[in-house]
Amino acid sequence: MNQTAPMPAPESSDQADSSVIALIPRINIHAFCEEQSTATAIQAGGNDRRMSKAHLDVHLGGILAAIQVYQQQQTPDVLIVETKKSRDEVMSELGHLAQVCEPTTKVIIIGQINDVVLYRDLIKAGISEYMVAPINEMQLIELIAGMFDDPGAEPVGRVMAFVGAKGGVGSSTIAHNVGWYIANKLASDTVIADLDMAFGTTGLDFNSDGIQGIAEALGAPDRIDQVLIDRLLTKCTDKLSLLLSPSTIDRDVKVEKDALETVLDVVRKNVPYVVVDVPNIWAPWSKHTLAHADDVIIVSTPELASLRNTKNLVDHLKTVRKNDAEPIIVLNQVGLPKRPEVPVGEFAKAVGITPSFVIPHDALTFGTASSNGQMVFEVSAKAEGAQQLVMLAEKLTGREPQKKASKMKMPSILEKLKGLGKK
Ligand SMILES: Nc1ncnc2c1ncn2[C@@H]1O[C@H](COP(=O)(O)OP(=O)(O)O)[C@@H](O)[C@H]1O
Ligand SMILES: [Mg+2]
């Protein structure tokens, strides 16, 4: 506890925008609750990806139990204590807690009384924050993140993970086009990281044979820092850099999930957008990358196997990313001549999420782009697929989506699809 400047009053909104909350650093957080429901809420917060680096211990017993414990051991970086007592009793128990509490420990009180005078008294007494029960786990995360958010620190970039429901659905193509568009048309620095060690297509798609950066970085997990990553990035255009994979079967690259997370953390310190091309491989590192990304984009096709895999991915991501927006689904290669397809509506119903973008099969545009090492926008900016990808890039970067375009285009495509499904 300390006597420094009081924190601002607690947020009045009970729905924090979880997509903008900073990550909580490697700190110790201990909680002593009175109510099991509070303990459960805090523990649920601990399972959120933003808390994954922090070490959380939750106990019952309130302030008195905390006082007992900290007579023997040091207080953590953040101490959360719940009390059901009246104002005077709270202040007196806190007096005892203060005697065992390190000055650097930030204390959060959870109480029953919604009273501004009590709040002010607590802040004056050196308490960092006061929350009224029942607490919302995301509010707690936001509060703790805010305490450690260094205003002088570099802003942290968004990690956007693209994954295909199965191989060949166009996930890499879409990731590369979106990354290129953000860098070259929306003018934001972007890195595209290719995690497909053996079969990666980023080098081909951008006509680039630069350094196989990601393998170098993963091979030296202890040396991963800004200097190393800068050396391993291949510059593609003014604002676009690539972290290329070896894309060869002659080399075994061991991918460790923690090393990969460190690589992406270092990359995101320097650029606002990191597009991660996650191959269709179910491994600890791919699961971890999808679970921890800011945005997940699942690229799928209107076929049974893709549908099943999309549903499984969505169900998994909903459980490991409880406090995040649903993954964005892109239905690609729709309308492949003569192929029986699952209609969009049925796909949406089965998966539980309506695809946000529907891209027609367009062998000419995509094929030309692919064989020339170009982007679809360069081949045909007017193509429906190119326009859908513009909207995806705009959605991911929070630029105003082209509402008119989407309203005009979607129904006609959906109509076409409905027709196709019936054939
Ligand atoms: N909408 C589309 N229409 C036609 N071809 C496409 C479309 N999207 C992607 N492709 C092509 O499909 C192939 C596989 O794409 P790729 O991005 O490598 O798939 P993934 O990364 O999912 O395995 C590429 O040749 C690509 O050009
Ligand atoms: Mg791929």
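In what sense do strand E4 (residues 106–111) and E5 pair, and over how many bridges? They pair in the parallel sense, over four bridges. This is a predicted model, in which local features need pLDDT of at least 70, side-chain atom pairs count only at pLDDT 80 or more, and totals for chains, interfaces and linings use all residues. Residues are numbered from 1 along each chain as its sequence is written, and chains are lettered from A and ligands numbered from 1 in the order in which they are written.

**View 1. The whole protein contains 17 helices and 13 strands.** Helices (H or I, at least four residues) and strands (E, at least two) are DSSP runs, numbered from the N terminus. Of its 423 residues, 42% count as buried. A residue is buried if 20 or more other C-beta atoms lie within 10 Å of its own, exposed if 12 or fewer, and partly exposed in between, with C-beta atoms placed from the backbone.

**View 2. Five strands form an open sheet with parallel pairing.** The strand order is E2-E1-E3-E4-E5; two strands pair if DSSP finds at least two bridges between them. Strand E2 (55–60) and strand E5 (129–132) are the edge strands, each pairing on one side only. Ile108 has Glu129, in E5, as its bridge partner.

**View 3. Ligand 1 is surrounded by 18 residues.** Here a residue is counted if its C-beta atom, placed from the backbone, lies within 6 Å of the ligand. The closest are Gly164, Gly170, Ser171, Ser172 and Thr173. Helix H6 (171–184), strand E12 (328–334) and helix H14 (363–372) are the elements that give two or more residues to this shell.

**View 4. The largest nonpolar core has 74 residues.** A nonpolar core is a set of buried Ala, Val, Leu, Ile, Met, Phe, Trp, Tyr and Cys residues joined through C-beta atoms within 7 Å. Among the residues with the most contacts inside this core are Met160, Phe162 and Ala193. Its largest share, seven residues, comes from H6. A second, separate core of 37 residues includes Ala41, Cys101, Ile127 and Ile144.

**View 5. Glu326 lies in the loop between helix H12 (304–320) and E12.** Why does Glu326 count as partly exposed? It does so because 16 other C-beta atoms lie within 10 Å. Glu326 and Ile353 are 27 residues apart in sequence, and their C-alpha atoms are 8.0 Å apart in space.
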